[in-house]
Each structure stands twice: as C-alpha cells, then as structure tokens.
Amino acid sequence: MGEAMVAFTWVDARFQAPVEDSPFHTWTTAAGTAWAIFYRSGADYLLRFPGLADFQIGSNGCWVRCWSVPDVSDDTVQHLYLNQVVPLALSRQHRLVLHGSAVEIADAAVVFLGQSGAGKSTLAASFATNGYRMLSDDGVLLEYCQDAYQVRPSHPSIRLWADSQAALFGRHARLAPPVQYTDKARILADERAVFCPQARSLQRIYLLGDGTAKSPVFWPVTARDALIELVKHSFMLEVEAPEMLAFHFERLTALANQPFFFRLDYPRRFERLAPVRAAILKHIQR
Amino acid sequence: MKLADKVTIPANVMARQVDEETVILDLRGGAYYGLNDIGTRVWQLLIEGKTPMEVCDSMMEEFDVSREELEKDVLTLLNELECSQLIFRA
C-alpha cells in the first residue's frame, strides 16, 4: 500500500541505545507495554519498536531508514515496515490512510473499519476467496481525485490469525515467512486470494460492530459518528503540529459528510460468512 | 475549574460543525465531545481567550437565562471537557 511512494533503506543491524529526548507519542499493547515509541529527530522522526527495529522517517514522509536489532529477521523488518511504518510515512505526505481492509465489489471499493480483532481481514479474505478481489489489508490508502474518493491497492497480502486462515484457506495458503512479533500469518496473493492491482472508487465504508448481532444488520451512521470513527482509525505520524492536524481534520470532516458510512454487525462464525457476504452485496445495491 | 481560571485548548484539539452539532475532537488521543448551541457558543468564546467568567459575561447578553443557571451550566461543561482532556487550566 503506497510503499512505492516511500524510499526505503535498510542501513544496518544495531542494538537500540537509549534515546535522550522524551517521546512525543507512544502506542501501547493491550497489556500496557510500549509497542511503538515516537521521537523527534531534528526535523525528522524516529520510530522505535522495542527489541525489533528503529525507523527514521523523513520530515516529508518520502524516505525511511531502518536499523534492525541483531537477530531480528528480514521478514520481521519488512512486515513492520509495510504494516506500521509506511502508513505513518504516507500521512506525512498528506495522504489519508485508514486502519482497515478493502475489497473490490462490482468495480468499486468497499472498506471495513473496526477495532483490532473486529474481523476486518477475515471478512475481506472471505470475499477474496469467493470470487472477489482484495484491494488492501491493514492500511487503506484513500485519495481524493476528480471529485471522487479512490482506494489504492496495497501490498498483495492478507494477515490472518490461524483459525481464519484454516477456515478460509485450509492447508493451501501461500504463506510469507513467519515474523517474530505476531502469530498472525501473512498470506500472499495467488489464485485463491486474488488482488486487484488498480485503484477503485469508494462506494461504502462499513464500521464493524462487536459481533453480538444474531444475523447481519446494517444501520446508518451520522456524519458526527463517522468523523469520530475516522479519527480513531486513521494513521497520523505528526500528532502535534497544528497546521498538519487542521489539514487532517478538514479532510476527515469532508469524508465524514459523504454518504458512504454504515455500521454493520454480524455473528462472528466462519460458517455464517456466506450469508454476511450476501447481505453486504444486497445492501450495496440499495 | 473555577470561573476565574484561564483555560488552554491544546493544539491537537479541534472543533468542527458536523450535521447540526459541533464536535470537539482530540486528534491525538481520540477523545470527543458533542456540543449543542449553548456549548458551541461557550467553545467559540474560549477560543477567543475568554475566561469562564468572561464567557458568562458575554453570554448573559445573548441568552435569556439567569446568571446562576448559566454559571452552573458553563462550569459543568468545562469540567466535563477538562475530564476528557480537551481543555486544561492554564
């Protein structure tokens, strides 16, 4: 997803020396440990994944340099870079990246947003393994061009937990090598999970619910609620510069006022994904 | 929060009119708050740098409400915004 828009250099392996300055932002895991620590490095940024790698991101988001911790695999570094660093770098290029998944349906893009574990990737993969094409997973790059929003295609892979992988692919998934910080598998595109290599016009953004619905249910979302969800699910590296924040906010507000947004909830059962897909297809035609 | 306090709005907190409501959002942390007409006017006056006391002074000329009720409502709102870390005491 947009990785061609960022110049990447793997510099060297080195241990992570303490950083003198205080971080300006931190991502934490559910257990409360630091997952990613954000520092300023002159006009640039240093993004540290403790025990894994440091990434220096240029102030304009156009280049990234990486120092991996010794014994961290190249696949781990690549996975971190694609899933975590590229979206943040793109945000400094004033691009809008949402934390979600997207599929192509009837030549248009349908996006799924939600909390981690809500089922975005599984739902998108269920379309990809049933005659539709994936556009992106984990990061959705949205562009506004000629009075329309477009979803750009991403790196052709999907990240799934073992149970989703087994349910949707059996033993036939084409897997990327495992990485050291997650048990999620990265499934590469092939004839079982086809990727769409072209951008598609945005048609729907579904905000996934918590799985308590007994059957697929849709309900409209106000612009106010859409804006709140977009703030929660958009990547943003620079979280302090007022002009950057104002630009980001204006863009999210413009998107929130579009008629794309619906909430969707459905039971999280693999055997019930077919009727969920059918319900989504019917809803899109309304 | 007291009426004489000075209030600071962090740079990462912004407000926009969405539908018929003003939404205040912390673009960094994700906290949000919806404001009705009176809350929107309080927010506009805070952005101008007014203290809570000055906010009430201005709004007494604009709204048909008792001073006591207005002060109570303004302080309630400001305390909620402070709890959500959308404003701070300077």
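Hi everyone. A salt bridge, as I use the term today, is a side-chain nitrogen of Lys or Arg within 4 Å of a carboxyl oxygen of Asp or Glu. Keep that in mind, as we look at a predicted model.

A:Glu240 and A:Arg40 form a salt bridge, with 2.8 Å between the closest N and O atoms. On the domain 1 side, strand S2 (25-28), strand S3 (34-41) and helix H1 (74-92) of chain A each supply at least two residues. The largest share, 12 residues, comes from H1(A). By class, that side has 14 nonpolar, seven polar and five charged residues. The area buried between the two domains of chain A is about 2200 Å², and carbon and sulfur atoms give 61% of that.

Now, over to the partner chain. Chain B puts 16 residues into the contact and chain A puts in 18. About 1600 Å² is buried between them, 70% of it from carbon and sulfur atoms. Which residues of chain B lose the most area to chain A? They are B:Arg16, B:Leu27 and B:Arg28, together accounting for 39% of what that side buries.

Across this interface the rule finds two salt bridges. A:Arg224 forms a salt bridge with B:Glu21, the closest N and O atoms being 3.1 Å apart. Finally, the chain B side has eight nonpolar, three polar and five charged residues.

Conventions. Residues numbered from 1 in each chain as written. Chains lettered and ligands numbered in written order. Predicted model: local features only at pLDDT ≥ 70, side-chain atom pairs only at ≥ 80, totals over all residues. Heavy atoms only, no water. Contact = heavy atoms within 4.5 Å. Buried area = accessible area lost by both parts, 1.4 Å probe. Nonpolar A, V, L, I, M, F, W, Y, C, P; charged D, E, K, R; others polar. Helix = DSSP H or I, 4+ residues; strand = E, 2+ residues; numbered from the N terminus.
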